[in-house]
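Please keep the sequence and the structure in view while reading.

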Amino acid sequence: MQMDYLGITGIVLGVLKQFWPVWLALALVLVASFTFKKRLGLYGHLFDSGVGIAGVMICLFWLFTAMFAAVVVTFDPLAQVAIMKDALPGAIDPQSGVAYLFGGDRLARDIFSRMVYGSRIVLIIAPAATAFALMVGTTLGLPAGYYGGRIDSVLSFLANLVLAFPVILLFYLLVTPGIMDTPIPYALAAVFFLFPIVFFAVLFFTRFKTRPERLYPLLGLTLVLGAWIYAGLVFDADPLGLISISPNQLNIFVAVVFASSPGVFRIVRGLVMDIKTRDYVAAAQTRGETPWYIMLWEILPNARGPLIVDACLRIGYTTILLGTLGYFGLGLAPESPDWGTSIKEASRLLRAQIHPALPPTIALMSFVLGLNLLADALREQSMKD
């Protein structure tokens, strides 16, 4: 059967057209950001430099792509059309009349749609796992740096023990398929997912313990939402069916939190050891504030700059790591459209067909680039503060 093709101009215009909800969302955010820049605090200051604008826009582009993936795609990322196997970019499906904008892969799937849906997988796992790692590392790093002594020695020893393992080897051990047959991932998830609940409960208690009218609603909301999310993530027992995670994704999630938490712990510990000598901490101690109040409401806010920068960089590292695991065929299912798995599938026939490997590679590179630019802008701003 004769196959028609779009020219380069047609491919470019087709891609731009498919991303219309993303362009619209970016335009609205950009206009609102410049209009209310002075009122937006740290976020508004990012628009004072070209690096900050570029970092924010690239990150938001992929965020909106993940949000509007169902609208942006042209085909089901898992659908196979036999005639489109290894089709070149711009090839038009004779049945539907819709073009495979970036061509077809060796299993006759649309590369463009798989790249778009791959962003959804990456932007769910990487930021969420990094957020949990920050919670775990911060919750343990605060008392280690503040109290010192035996608490610091024990926690630092455990952190150094994990950091002593090569990262790739550690992830290989944690995400191999056989590990899901053991209770290890679920036990680790049960422990790690408790940290956000404990963190926010202690945060609100130390702040509002003398104001029960504010304390009880906040604690109640924390416990209800925490239990709901905890049940969905750890036991896959969300009664509303809104929160769930596949075993493969849970495995990767736990591995990222386990491997990243010690690094966050060491950063927080170092910051606390420096900040606890400041005058405002001594003033809080003189007022009779509790240690956890001082850690959470005096020290932690003044450590936010380096932690925000580290979070951006850590999301980028996690994204690269997910791509690496996908390339080695670990973690997610083989048919997953995540960028690492797509690169692995394309690399098998790289000498014959190079176009299947380019879109997921460029997508991965651009997202990490945006995070690095955002981290640079945040670092500059934190130095000014």
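A residue counts as buried when its relative accessible area is under 20%, as exposed when it is over 50%, and as partly exposed in between, with a 1.4 Å probe and protein chains only. The model is predicted, and local features therefore need pLDDT of at least 70 while side-chain atom pairs count only at pLDDT 80 or more, whereas totals for chains, interfaces and linings use all residues. Residues are numbered from 1 along each chain as its sequence is written, and side-chain values use heavy atoms, with hydrogens and water left out.

**Aromatic pairs**

Rings of Phe, Tyr and Trp (for Trp, the six-membered ring) are taken as a pair if their centres lie within 6.5 Å, and a pair is stacked if the planes are under 30 degrees apart, edge-to-face if they are over 60 degrees apart, and tilted for the rest. A search of the whole structure on this basis finds 19 aromatic pairs. One of them joins Phe 19 and Phe 112 in an edge-to-face arrangement, with 5.7 Å from centre to centre and 80 degrees between the planes. This pair links distant parts of the chain, since Phe 19 is in the loop between helix H1 (8-18) and helix H2 (20-35) while Phe 112 is in helix H6 (residues 111-147), 93 residues apart; helices here are DSSP runs (H or I, at least four residues), numbered from the N terminus. Phe 19 is buried at a relative accessible area of 4%, and Phe 112 is likewise buried, at 0%.

Phe 192 and Phe 258 form a tilted pair, 6.4 Å centre to centre and with 45 degrees between the planes. Here too distant parts of the chain are linked, with Phe 192 in helix H9 (residues 184-192) and Phe 258 in helix H12 (residues 247-275), 66 residues apart. Phe 192 is buried, with a relative accessible area of 9%, whereas Phe 258 counts as partly exposed at 24% relative accessibility.

Ring pairs also link Phe 19, Trp 23, Phe 61, Trp 62, Phe 102, Phe 112 and Trp 339 into a cluster.

**Charged side chains**

Side chains of opposite charge can pair when their charged atoms come close. A salt bridge is counted when a side-chain nitrogen of Lys or Arg is within 4 Å of a carboxyl oxygen of Asp or Glu, and the structure holds 12 salt bridges. Three of these are listed below.

| Salt bridge | N to O distance |
|---|---|
| Arg 109 and Asp 105 | 2.9 Å |
| Glu 213 and Arg 211 | 3.9 Å |
| Asp 310 and Arg 314 | 3.0 Å |

Asp 310 and Arg 314 both lie in helix H15 (residues 304-327), four residues apart, which is about one turn of the helix, and both residues are buried. Salt bridges that share partners join Asp 105, Arg 109 and Arg 114 into one network, within which Arg 109 and Asp 105 are both buried. In the bridge between Glu 213 and Arg 211, Glu 213 counts as exposed at 53% relative accessibility, while Arg 211 is partly exposed, with a relative accessible area of 37%.

A charge is taken to sit over a ring if NZ of Lys or CZ of Arg is within 6 Å of the ring centre and within 35 degrees of the ring normal. Arg 207 lies over the face of Trp 297, at 4.6 Å from the ring centre.

Technical notes
Helices (H or I, at least four residues) and strands (E, at least two) are DSSP runs, numbered from the N terminus.
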